[in-house]
Amino acid sequence: LKQVLVSFCRFLPSLLRCASKMQRITDSRFCSATPIGSCDIELSAPKPLESLARRLRNEASEHRVWLWHAYLPQRLQHAESRAAAVAAVTPFHVGTGFLDRDGDADDCTSEKKVTRHSSNATCSTCMEDVQSEESLDQGSSVVGRVWELSQDPLGSRVVQAALERADSEEQRCLLAHELCGHVHEIMRCPHGNHVVQKIINTMQRPESLQFIIDALTHQDNSIVQAAKHRYATRIIEHLLRVCPPAQVSEIVENLLKVVGTLACHSVGHYILRHLLECGTKDQQYQLVRSIEQNACRIGRSTFGGIVLETMLTHTAVEDKAWVARAFAQDPAVMLCLAKTKRGHASVLLLLDTLQGYGDHRALSNMAQHMDALKASRFGRIVAQRLETACEQSCL
């Protein structure tokens, strides 16, 4: 019982941090725009709208800013007063029933039981209303307002729908080029970055995306800064996947200059993994050489172990051997990787590579730190593999 209590107290701070992080993620998802088609919500009852109307009626005489104002149809967003908003909302039709102006529905019950699912359902209903009012099939209301709408949770989805339903490449280019001069801002926006992703995925000609590449390469260090941003890095990954290598060569060159920095960054390491998995042979070769040169720095980083594991999985055997020897030169680096959850898997791959090439000296140097390995949770897994490799090498 004492051991159980000690273990529980040891992991309690980690559990509390995870719970806090999940709460923040859950709260942020409510206000963030998501790509169209990511979820399908069925509305079986008008409960969310009843609660919304009840709130409007209770606050009709007050002058306060309501957080869910942006999720209403546009005719409600620009209402001159709360009374006008109530008059506009109450006859709104949802599902199979109408909302009575007299408020006969059980509003109190529905308001107390509002959940995140019901809030999303309200957003989905309002989105359908906006689509019907704005005539998205023709896209006439989006022209001239792409930059404005892309910064809004619902407006972002409106622009995405207009891009999907555009009849020709020229219409998509007309909408996309409204973002010229705002590329840096829009790809860092939690809602606007989905619009840029939709532009990249719907354009049929890669040359139509040149204005995004020009914006990235026009300013010094803008590519590296974008690769470190949680939203902008998605744009670079999509460009590397869609555009031919010659078109994005300048972007890749700038990324390869700072491999050591990106490999140790919490967001930047994703772009390196993408290059290792989907890049050309020449890009992979240059990236492997850079990882080899920055072995000590990458090996002491939490995210560097993830990049190393990806490299050992997707590159040629000769490249693996060079990198394995570079990391084995400093046993302290291998020891640092072996003690982490994300790094011990890469150490196992390094040991397999060294054993395959018969590098017994590197294995023996690593075996000198066997006690330190057995003192950690993930190090024990590495220690077992190392003991097996040493026994086989002696035979």
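**Salt bridges and a buried histidine**

E164 is partly exposed, with 40% relative accessible area (buried means under 20%, exposed over 50% and partly exposed in between, using a 1.4 Å probe and protein chains only). The model is a predicted one, in which local features need pLDDT of at least 70 and side-chain atom pairs count only at pLDDT 80 or more, while totals for chains, interfaces and linings use all residues. Residues are numbered from 1 along each chain as its sequence is written, and side-chain values use heavy atoms, with hydrogens and water left out.

A search of the whole structure returned eight salt bridges, each being a side-chain nitrogen of Lys or Arg within 4 Å of a carboxyl oxygen of Asp or Glu. As a friendly reminder, side chains of opposite charge can pair when their charged atoms come close.

One of these bridges joins the side chains of E164 and K198, at 2.7 Å from N to O. This pair links distant parts of the chain, 34 residues apart: E164 sits in helix α8 (residues 153-164) and K198 in helix α11 (residues 192-202). Helices here are DSSP runs of H or I with at least four residues, numbered from the N terminus. K198 counts as buried, at 13% relative accessibility.

In one, the side chains of D352 and R385 meet at 3.1 Å, N to O. Here too the pair links distant parts of the chain, with D352 in helix α23 (residues 344-356) and R385 in helix α26 (residues 377-394), 33 residues apart. D352 is partly exposed at 35% relative accessible area, and R385 is partly exposed at 32%.

In the other, K374 and E387 form a salt bridge through their side chains at 3.0 Å, N to O. Because K374 lies in helix α25 (residues 370-374) and E387 in helix α26, the pair ties together parts that are 13 residues apart in sequence. K374 has a relative accessible area of 40% and is partly exposed; E387 is partly exposed as well, at 31%.

Attention now turns to a histidine. H269 belongs to helix α17 (residues 269-278) and counts as buried, at 1% relative accessibility. The H269 side chain reaches the backbone oxygen of H265 at 3.0 Å. Leaving aside residues up to four places away in sequence, H269 touches L262, A263, F303, I306 and V307, where contact means heavy atoms within 4.5 Å.

Terms used: Helix = DSSP H or I, 4+ residues; strand = E, 2+ residues; numbered from the N terminus. Polar contact = N/O pair within 3.5 Å; in protein donor to acceptor, adjacent residues only side chain to side chain.
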